[in-house]
Amino acid sequence: MAKVLVVTSGKGGVGKTTSTAAIGAALAQAGQKVVVVDFDVGLRNLDLVMGAERRVVFDLINVVQGIAKLPQALIRDKRLENLWLLPASQTRDKDALTEEGVGRIIEELRPSYDWILCDSPAGIERGATLAMRFADEAIIVTNPEVSSVRDSDRIIGMLDSKTARAEKGERVEKHILITRYDAARAARGEMLSIDDVLEILATPLLGIIPESQDVLRASNVGSPVTLNNPASSPARAYVDATKRLLGETVAMTVPAERAGLMNRLLGRRA
């Protein structure tokens with residue numbers, strides 16, 4: 001039976017969708033059978049990041065409303081045979097989602113997969129609450145900035161009160177994933193330190209993803225960064241985070257400050 005993992009945050013633009021794609025691909029590469037579900041109804045970006053936008057025929061809302069059966073809407077990744085996508089709708093709003101419909105889809109998916117990754121929309125409205133509703137585990141994605149961390153703290157509270165597990169007195173296992181970390185900016189005090197983030201959120205750290213153009217380049221070509229450039233620093237950080245998610249003990253590495261061009265040139269001359 002699958003574990004249901006929601007990838008969530010309160011703030012937009014922190015990297016939920018790229019993280020869902022990267023971790024979903026890394027899990028599939030590790031031999032897990034994975035389906036990623038886009039809950040961002042009305043916007044729909046997960047299919048773009050995964051390079052499947054031309055293959056969408058039916059979507060999550062079509063299945064919820066009974067217009068299509070679940071197998072008709074699932075898209076199998078062309079690069080990884082054990083990775084699937086259930087896309088969101090671009091033409092409906094989040095009110096088209098129902099708790100009953102989402103619960104039915106989750107229960108239909110559970111026996112066939114090891115992991116169901118729910119890519120949550122930003123905010124605390126209907127789409128986000130339904131994305132986390134049936135979660136067993138959660139990855140809270142946050143940037144090391146005050147507004148992002150504050151919103152993540154609100155999401156942690158919702159995971160502890162608004163989920164089906166919470167209402168039964170059970171616990172949703174939570175992990176923090178810090179994205180867009182820039183060591184130079186952190187050193188200058190322009191963003192929160194890792195310790196600051198963890199002190200505020202009081203939740204175990206899953207990984208630290210460095211700020212990198214490799215993530216943007218991968219998204220632009222429709223490929224998770226863990227597939228597009230597996231040797232890049234963000235790809236390695238996502239793979240390490242995935243190993244921790246699977247229960248492996250992997251040392252946590254804080255991304256180091258990158259030397260600038262002038263520093264490298266001066267270093268060579270020295």
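Trainee: How do you know what share of the accessible surface belongs to carbon and sulfur atoms?
Mentor: The area is computed by the Shrake-Rupley method with a 1.4 Å probe, and for residues only the protein chains shown count as cover. For this chain the accessible surface comes to about 12,500 Å², and carbon and sulfur atoms hold 47% of that. This is a predicted model, in which local features need pLDDT of at least 70 and side-chain atom pairs count only at pLDDT 80 or more, while totals for chains, interfaces and linings use all residues. Residues are numbered from 1 along each chain as its sequence is written, and side-chain values use heavy atoms, with hydrogens and water left out.

Trainee: What makes up the secondary structure of the chain?
Mentor: It comes to 14 helices and 8 strands, where helices (H or I, at least four residues) and strands (E, at least two) are DSSP runs numbered from the N terminus.

Trainee: Why is the chain called as compact as a globular protein of that length?
Mentor: The radius of gyration, taken over C-alpha atoms, is set against the globule rule, 2.2 Å times the number of residues to the power 0.38. The chain has 18 Å, close to the 18 Å that the rule gives for 270 residues, so the label holds. Along its principal axes the C-alpha trace spans about 70 × 40 × 35 Å.

Trainee: What makes a residue count as buried, and how many do?
Mentor: Buried means under 20% relative accessible area, exposed over 50%, and partly exposed in between, with a 1.4 Å probe and protein chains only. Of the 270 residues, 54% count as buried.

Trainee: Why is strand β2 called largely enclosed?
Mentor: In β2 (residues 34-38), 5 of the 5 residues are buried, so the rest of the structure largely encloses this strand. Val-34, Val-36 and Asp-38 point one way, Val-35 and Val-37 the other way, and all are buried. In a regular strand the side chains alternate between the two faces of the sheet.

Trainee: How do you know which strands β2 pairs with?
Mentor: Two strands pair if DSSP finds at least two bridges between them. β2 and β4 (residues 83-86) have 4 bridges in the parallel sense, with Val-36 opposite Leu-85. β2 and β5 (residues 115-119) run parallel with 5 bridges, and Val-34 stands opposite Trp-115.

Trainee: What makes β3 and β8 edge strands?
Mentor: The open sheet has the order β3-β4-β2-β5-β1-β6-β7-β8, with mixed pairing. β3 (75-76) and β8 each pair on one side only. β8 pairs with β7 (residues 173-181) in the parallel sense over 4 bridges, and Leu-205 in β8 is the bridge partner of Ile-176.

Trainee: Why is β8 called largely enclosed?
Mentor: In β8 (residues 205-210), 5 of the 6 residues are buried, so the rest of the structure largely encloses this strand.

Trainee: Why is Gly-13 called exposed?
Mentor: Gly-13 counts as exposed because its relative accessibility is 60%. Gly-13 lies in the loop between β1 (3-8) and α1 (16-29). Contact means heavy atoms within 4.5 Å, and Gly-13 touches Asn-143 and Arg-180, not counting residues up to four places away in sequence.
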